Amino acid sequence: EGNDYIIKYNGKEYAINTSSITFVGVGSFERANKYNIRPIGFGKKDENIEEPLNDEQLIDYGLGPELLGRFPNRVRLSNLEILDFCEIMTISKLSAFLKEINFLRNLGLDVKYTDELILNIAKKAYLYKCGARGINRVVNDIFVDILSEISDGDCNYRSLEIKPDIVSDSKRYVLK
């Protein structure tokens with residue numbers, strides 16, 4: 001907005017000028033599909049571009065007019081498919097799955113898993129209908145018991161095998 005603001009953080013005040021800041025808001029609005037507008041985005045070609053939801057539709061959906069005014073440019077993206085989730089988990093530098101795997105490897109564990117595990121995580125994340133954030137939810141559920149067991153022991157473990165069906169049974173892993 002190009003204004004100066006004073007932000008208080010940890011007992012200190014900071015002057016922030018917003019003229020060079022771009023604010024970006026994103027979300028997963030599964031119920032907004034009732035408006036039947038063809039999306040653009042992940043895996044889609046430009047010929048699918050159509051108008052994003054208008055203000056009236058977004059207000060009807062539940063977003064406040066004061067919030068909408070802060071986002072003059074809007075784009076509607078396509079829904080992710082199961083294979084998109086797999087790609088996000090295995091390629092993205094921000095992948096929650098790869099972060100956990102790398103964390104365990106940095107502890108000295110030889111971590112083994114199969115492509116079937118990736119697919120099972122993707123399928124469950126897809127069912128949550130909350131976009132790629134569903135991956136984080138599934139990954140957290142999978143690794144909570146593993147991390148707890150590792151932190152409870154003397155960390156004498158050398159290897160971890162994560163079974164594909166751990167997605168439905170959190171005890172389906174082998175620590176040696």
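Visitor: In this predicted model, how many residues lie between β1 and β2 in their hairpin?
Guide: The model is a predicted one. Strand β1 covers residues 4-9, and strand β2 covers residues 12-17. The two strands run antiparallel and are joined by six bridges, with Tyr-9 standing opposite Lys-12 of β2. The hairpin they form has a turn that includes Asn-10, and the number of residues between the strands is two.

Visitor: Is Asn-10 buried or exposed?
Guide: Asn-10 is located in the loop between β1 and β2. Its phi is near 50 degrees, a positive value in a residue that is not glycine. The relative accessible area of Asn-10 is 65%, and the cut-off for exposed is over 50%; therefore Asn-10 is exposed.

Visitor: What is the count of buried residues in β1?
Guide: A residue counts as buried under 20% relative accessible area. Strand β1, with six residues, is hardly covered, and its count of buried residues is zero.

Visitor: How are α3 and α5 oriented to each other?
Guide: The axes of α3 (residues 82-91) and α5 (residues 115-127) come within 8 Å and cross at roughly 120 degrees. The crossing of α3 past α5 is right-handed. Roughly perpendicular ends at 115 degrees and roughly antiparallel begins over 145, and the two helices are therefore oblique.

Visitor: How many nonpolar residues are there in the contact of α3 with α5?
Guide: From α3, the contact includes Phe-85 and Met-89, and from α5 it includes Ile-118, Lys-123 and Tyr-126. The residues of this contact comprise one charged and one polar, and the number of nonpolar residues is 10.

Visitor: How are α4 and α6 oriented to each other?
Guide: The axes of α4 (residues 96-106) and α6 (residues 133-152) come within 9 Å and cross at roughly 15 degrees. Helix α4 passes α6 in a left-handed crossing. Angles under 35 degrees fall in one class, and α4 and α6 are therefore roughly parallel.

Visitor: How many charged residues are there in the contact of α4 with α6?
Guide: Helix α4 contributes residues including Phe-97, Glu-100 and Leu-104, while α6 contributes residues including Asn-136, Phe-143 and Ile-150. The contact divides into 10 nonpolar and two polar residues, and the number of charged residues is one.

Visitor: What is the bridge partner of Leu-160 in β5?
Guide: Strand β4 comprises residues 159-162 and runs antiparallel to β5, with three bridges joining the two. In β5, the partner of Leu-160 is Leu-175.

Visitor: What pattern does the protein follow along the sequence?
Guide: The secondary structure comes to six helices and five strands. Read along the sequence, the pattern is β-β-α-α-α-α-β-α-α-β-β.

Terms used: Residues are numbered from 1 along each chain as its sequence is written. This is a predicted model: local features need pLDDT of at least 70, side-chain atom pairs count only at pLDDT 80 or more; totals for chains, interfaces and linings use all residues. Side-chain values use heavy atoms; hydrogens and water are left out. Axes are lines fitted to C-alpha atoms, for helices over the stretch in contact, and angles run from 0 to 180 degrees between N-to-C directions. Helices (H or I, at least four residues) and strands (E, at least two) are DSSP runs, numbered from the N terminus. Angles under 35 degrees count as roughly parallel, over 145 as roughly antiparallel, 65 to 115 as roughly perpendicular and the rest as oblique. A crossing is left-handed if the near helix is turned anticlockwise from the far one by less than a right angle, and right-handed if clockwise. Contact means heavy atoms within 4.5 Å. Ala, Val, Leu, Ile, Met, Phe, Trp, Tyr, Cys and Pro count as nonpolar, Asp, Glu, Lys and Arg as charged, and the others, Gly among them, as polar. Buried means under 20% relative accessible area, exposed over 50%, partly exposed in between (1.4 Å probe, protein chains only). Two strands pair if DSSP finds at least two bridges between them.
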